[in-house]
Amino acid sequence: MVLPFSVEAMPKLEGFEFWSRTLGGARHVVAPMVDQSELAWRLLSRRHGAQLCYTPMLHAQVFVRDANYRKENLYCDVCPEDRPLIVQFCANDPEVFVQAALLAQDYCDAIDLNLGCPQMIAKRGHYGAFLQEEWDLLQRMILLAHEKLSVPVTCKIRVFPEIDKTVRYAQMLEKAGCQLLTVHGRTKEQKGPLSGTASWEHIKAVRKAVAIPVFANGNIQCLRDVERCIQDTGVQGVMSAEGNLHNPALFEGRSPAVWELAEEYLDIVRQHPCPLSYVRAHLFKLWHHTLQVHQQLREELAKVKTLEGIAAVSQELKLRCQEDIARQKEGEKPSGGLPFFHWICQPYFRPGPKEESKENGGARSKRALEEEEGTTDVLSKNKQKKKLRNPHKTFDPSLKPKYAKCDQCGNPKGNRCVFNLCRGCCKKRAFKETADCPGHGLLFKTKLERSLAWKGAQPRLQEPQQAGPGEPGGFPEVVGSALA
């Protein structure tokens, strides 16, 4: 095992001195990406122009309590080529955040607090972008980390709709002790098909308002975007996530053949193993455009269970691409509106919401889309995966059994429920009314009656009669001299 790089002997650098000396003035940055910015991918990105990388987001509470989690996500991933490195945590408690950071600080160059994750899991866990209104809490977290850690603390944020509030937010974090700020120019509502365009105006305003280095995140698909962003906003560096996943050579300004980077990545994985799900996800991103053409290989890539199996599918995709190149006619242009042919690494532009959804007042819920008959002939990605695991199962909405709904919550009701409710609502009502529902196996009334009957059948204990003084079992007679 490679020993951690200790920073205790060095003075803790701050702000621009930290950026220029510890981070080497990094301008090309790979974003923290859950299950995607693992060691193998970081090493690939560094080979192709990335100057700074972040770990995937780690859960501070789990990192503190679980030694295996620390080992699998950081301690076993240490290697000299993977520096400078920033470890990112999500947390909502100052003490827990600092405890986790203390356990990680000897293995990295800085600790980052995730204040940008907009996903539902972050809302349920109360972290990421869903802390951006809790300024007192964030001040305490950053201040304590700044005081206790031997490495700088940094933050990654999303913007508010209002530029002035975003600026005040950034200034608050700077004042608390944040030494570098990454600004993703989207609000927490801008995600998935509603991502839209990131606002560089917000980023530019933050850069002008703070005296610490700022990284920009959003709208980065090629090296020209990097250069234009730095010029337009004045930031010190640019972070890429989606663009990096589709073209790890983005910071080199190259768009190589997909198989070139896929083969290189698989070679690195053989040296630095990671979960197969990470590798599969990376190959789906790299081969995204080709898999739209050779869709039968998409299923093969989804089904294989080994690293060599994934490598074999990737090799088959390479052969298909070479056959496409051989059939290519002179002067032929890429199809599907792509800037390059499908076998070239290139950006992926996330499609927006359907026009029909806009006309109906916004995107509809997943359940509403599932319940609407005849909406689409194409299964969702999750259902495609389920179909691969259960090929004999039908996913046709018209063949789904229709359930009567609970009178209170809308979930399917029990067919034999005496209250016409689902089990959860039935249990609450039966308990409140001390009633039975044989259909759900709830017997509150019956159990109460049995309990009362059992108590009534028990023989009553006779109270012992108190004997008088001198009688057997009574108090002894008191001798007068004893009271004297």
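Figure 1. Trp-19 is buried, at a relative accessible area of 14%; buried means under 20%, exposed over 50%, and partly exposed in between, with a 1.4 Å probe and protein chains only. Phe-16 is partly exposed, at 32%. Both residues lie in helix H1 (residues 15–22), three residues apart, about one turn of the helix. Helices (H or I, at least four residues) and strands (E, at least two) are DSSP runs, numbered from the N terminus. An α-helix has 3.6 residues a turn, so residues three or four places apart point the same way.

The model is predicted: local features need pLDDT of at least 70, side-chain atom pairs count only at pLDDT 80 or more, and totals for chains, interfaces and linings use all residues. Residues are numbered from 1 along each chain as its sequence is written, and side-chain values use heavy atoms, with hydrogens and water left out.

**Figure 2. Aromatic pairs.** Rings of Phe, Tyr and Trp (its six-membered ring) pair if their centres lie within 6.5 Å; planes under 30 degrees apart count as stacked, over 60 as edge-to-face and the rest as tilted. The count by this rule is 10 aromatic pairs. Phe-16 and Trp-19 form one that is edge-to-face, with 6.3 Å centre to centre and 90 degrees between the planes. Both of these residues belong to H1. Phe-63 and Tyr-75 form an edge-to-face pair too, at 6.2 Å centre to centre and 85 degrees between the planes. This pair links distant parts of the chain, 12 residues apart: Phe-63 sits in helix H3 (residues 60–65), Tyr-75 in the loop between helix H4 (67–73) and strand E4 (85–90). Phe-63 and Tyr-75 are both buried. Ring pairs join Phe-63, Tyr-69, Tyr-75, Phe-89 and Tyr-107 into a cluster.

**Figure 3. Helix H2 under cover.** Helix H2 (residues 39–47) is mostly covered, with eight of its nine residues buried. These are Leu-39, Ala-40, Trp-41, Arg-42, Leu-43, Leu-44, Ser-45 and Arg-46. They pack against strand E1 (28–30), strand E2 (52–54), E4, helix H11 (242–246), H12 and H13. Contact means heavy atoms within 4.5 Å. Gly-49 follows H2 and has a positive phi, near 105 degrees.

**Figure 4. Helix H12 against helix H13.** H12 (residues 258–271) and H13 (residues 276–286) pack at an angle of about 170 degrees, their axes 10 Å apart. That makes H12 roughly antiparallel to H13. Angles under 35 degrees count as roughly parallel, over 145 as roughly antiparallel, 65 to 115 as roughly perpendicular and the rest as oblique. Axes are lines fitted to C-alpha atoms, for helices over the stretch in contact, and angles run from 0 to 180 degrees between N-to-C directions. From H12, Val-258, Ala-262, Tyr-265, Leu-266 and Val-269 meet Tyr-278, Val-279, His-282, Leu-283 and Leu-286 of H13. By class, this contact of H12 with H13 has nine nonpolar, one polar and no charged residues. Ala, Val, Leu, Ile, Met, Phe, Trp, Tyr, Cys and Pro count as nonpolar, Asp, Glu, Lys and Arg as charged, and the others, Gly among them, as polar.

**Figure 5. Leu-297 in helix H15.** Leu-297 lies in H15 (residues 296–303). It counts as buried, at 6% relative accessibility. Leaving out residues up to four places away in sequence, Leu-297 touches Leu-291, Val-313, Glu-316, Leu-317 and Arg-320. Leu-297 and Glu-316 are 19 residues apart in sequence, and their C-alpha atoms are 8.3 Å apart.

**Figure 6. Backbone features in loops.** Most residues other than glycine have a negative phi, and most peptide bonds are trans. Arg-83 and Pro-84 are joined by a cis peptide bond, with omega about -5 degrees. Pro-84 lies in the loop between H4 and E4. His-126, not a glycine, has a positive phi near 60 degrees. Its loop runs between helix H6 (120–125) and helix H7 (135–148). His-126 is partly exposed, at 31% relative accessibility. Asn-420 has a positive phi of about 60 degrees and is not a glycine. Asn-420 is placed in the loop between helix H19 (381–389) and helix H20 (423–433). At 33% relative accessibility, Asn-420 is partly exposed.
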